[in-house]
Amino acid sequence: MHKEFTIQIQKETVVKDVLLNDLSLALVTHLKKYDDGILLNGKKAYVNAKLKKGDVLKIKIYDEKSNIEPSNIPINILYEDDDIIVLNKERNMPTHPSQNHHKDTLANGLLYYFKDEIFTFRAITRLDKDTSGVVLVAKNPYSSHILNKDMKNKKITKEYFAVVNGVPNKNQGEINAPIKREEGTVMLRKVAPDGKEAITKYELIDENGKFSLLKLYPITGRTHQIRVHLSYIGNPIFGDDLYGAPQKGSMQLHCGCIKFYHPVTKKEMKIEAPLPCDMKKIMKI
């Protein structure tokens with residue numbers, strides 16, 4: 001979607017320096033393609049134009065139409081405004097299209113929701129197909145740039161819930177075990193001394209002797225990190241047939257909460273997705 005905003009100039013400077021406070025060089029270059037991408041006091045301006053106190057810059061960032069095909073798939077919206085949309089992704093739904101999933105993803109459903117607008121799918125956080133829960137999506141190039149930068153700087157945090165086999169030895173703890181790709185595979189990961197640093201904190205929420213409900217806080221973001229770590233400590237996730245728990249039923253991993261700063265208002269946001277019914281049923285809660 002397109003994004004417009006106005007900047008009141010407070011001191012002598014140049015357009016490029018003002019824009020690079022909040023935009024990437026790629027976005028600044030993108031603005032130059034349009035006659036109304038950069039307006040100074042109502043007239044087209046170039047990035048080397050000089051500014052003085054009292055000038056007004058109006059910026060319009062144009063979006064481009066996505067090549068993802070819309071599909072009439074129900075989506076569960078947790079929060080939406082002009083800059084972001086946060087969804088509760090169903091289990092067994094991919095986040096975005098891939099070789100074997102062209103029309104049945106969260107992206108396809110969101111493109112249908114925005115079918116009358118120019119919209120490009122920009123997922124800031126992603127979940128595996130088998131994982132349910134919160135997914136944060138930017139609605140325009142500006143919010144995408146800000147949120148991706150925050151993601152890189154670890155300003156976006158997530159909390160997960162998992163039903164696991166057995167009961168952990170401790171009610172809470174930290175799993176600090178490096179992870180690397182399994183030799184000869186693209187997907188599988190394993191704990192290995194020469195892997196990349198991986199840290200997951202956990203807290204026991206409930207247990208019934210056979211299964212436990214854990215809240216998990218991934219400090220790092222390695223592929224399959226939670227799944228690998230829980231298998232490593234002897235409590236694989238219920239239904240995780242890749243890492244030691246091939247049981248009847250879907251894998252029970254859910255992203256229950258995301259915390260971040262709004263890309264425009266800078267307000268601290270906390271958005272939660274309720275625990276799925278099948279997780280409650282297994283735990284009988």
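**Figure 1. Salt bridges in the predicted model.** The structure holds 18 salt bridges, and the model in which they are found is a predicted one. Side chains of opposite charge can pair when their charged atoms come close. Several of these pairs are presented in the views that follow.

**Figure 2. The salt bridge between R91 and D278.** The side chains of R91 and D278 meet with a separation of 2.5 Å from N to O. This pair links distant parts of the chain, its two members being 187 residues apart. R91 is located in the loop between β8 (84-89) and α3 (106-113), whereas D278 belongs to helix α6 (residues 277-283). R91 is classed as buried because its relative accessible area is 14%, under the limit of 20%. D278, with a relative accessible area of 29%, is partly exposed.

**Figure 3. The salt bridge between D240 and R227.** A salt bridge joins the side chains of D240 and R227, at 2.8 Å from N to O. The two residues are 13 residues apart and link distant parts of the chain. R227 is part of helix α5 (225-232), and D240 is in the loop between α5 and β17. Both D240 and R227 are buried.

Figure 4. In the salt bridge formed by K129 with D130, the closest N and O atoms are 3.4 Å apart. K129 has a relative accessible area of 34% and is partly exposed. D130 also counts as partly exposed, at 24% relative accessibility. Elsewhere in the view, salt bridges link K180, E182, E183, K190 and D194 in a network.

Figure 5. K60 is placed in strand β6, which covers residues 56-61. Is K60 buried or exposed? K60 counts as buried because its relative accessibility is 18%, under the limit of 20%. The side chain of K60 makes a polar contact with the side chain of Y62, at 3.5 Å. When neighbours within four places in sequence are left aside, K60 is in contact with H2, K3, E4, L31, D36 and G37.

**Figure 6. Strand β11 and its two pairing partners.** Strand β11 comprises residues 157-165 and is mostly covered, with eight of its nine residues buried. Strand β17 (residues 253-261) runs antiparallel to β11, and six bridges join the two. In this pairing, T157 stands opposite K259 of β17. Strand β16 (residues 211-218) also pairs with β11 in the antiparallel sense, over six bridges. Here V163 stands opposite L213 of β16. In a regular strand the side chains alternate between the two faces of the sheet.

**Figure 7. The nonpolar cores.** The largest nonpolar core has 45 residues, and F121, L136, L230 and F260 are those with the most contacts inside it. Strand β10 (residues 132-138) gives the most to this core, contributing five residues. A second, separate core consists of 21 residues, among them I9, L27, L31 and I38.

**Figure 8. The contacts of L136.** Which residues does L136 contact, leaving aside its neighbours within four places in sequence? The partners of L136 include I84, I85 and V86, together with R122, A123, I124 and T125. L147, I156, I258 and F260 are also in contact with L136. Of these partners, F260 is named with L136 among the residues that have the most contacts inside the largest nonpolar core.

Notes: Residues are numbered from 1 along each chain as its sequence is written. This is a predicted model: local features need pLDDT of at least 70, side-chain atom pairs count only at pLDDT 80 or more; totals for chains, interfaces and linings use all residues. Side-chain values use heavy atoms; hydrogens and water are left out. A nonpolar core is a set of buried Ala, Val, Leu, Ile, Met, Phe, Trp, Tyr and Cys residues joined through side-chain atoms within 4.5 Å. Buried means under 20% relative accessible area, exposed over 50%, partly exposed in between (1.4 Å probe, protein chains only). Helices (H or I, at least four residues) and strands (E, at least two) are DSSP runs, numbered from the N terminus. Contact means heavy atoms within 4.5 Å. Two strands pair if DSSP finds at least two bridges between them. A polar contact is a pair of N or O atoms within 3.5 Å; within protein, one must be able to donate a hydrogen and the other to accept it, and residues adjacent in sequence count only if both atoms are side-chain atoms. A salt bridge is a side-chain nitrogen of Lys or Arg within 4 Å of a carboxyl oxygen of Asp or Glu.
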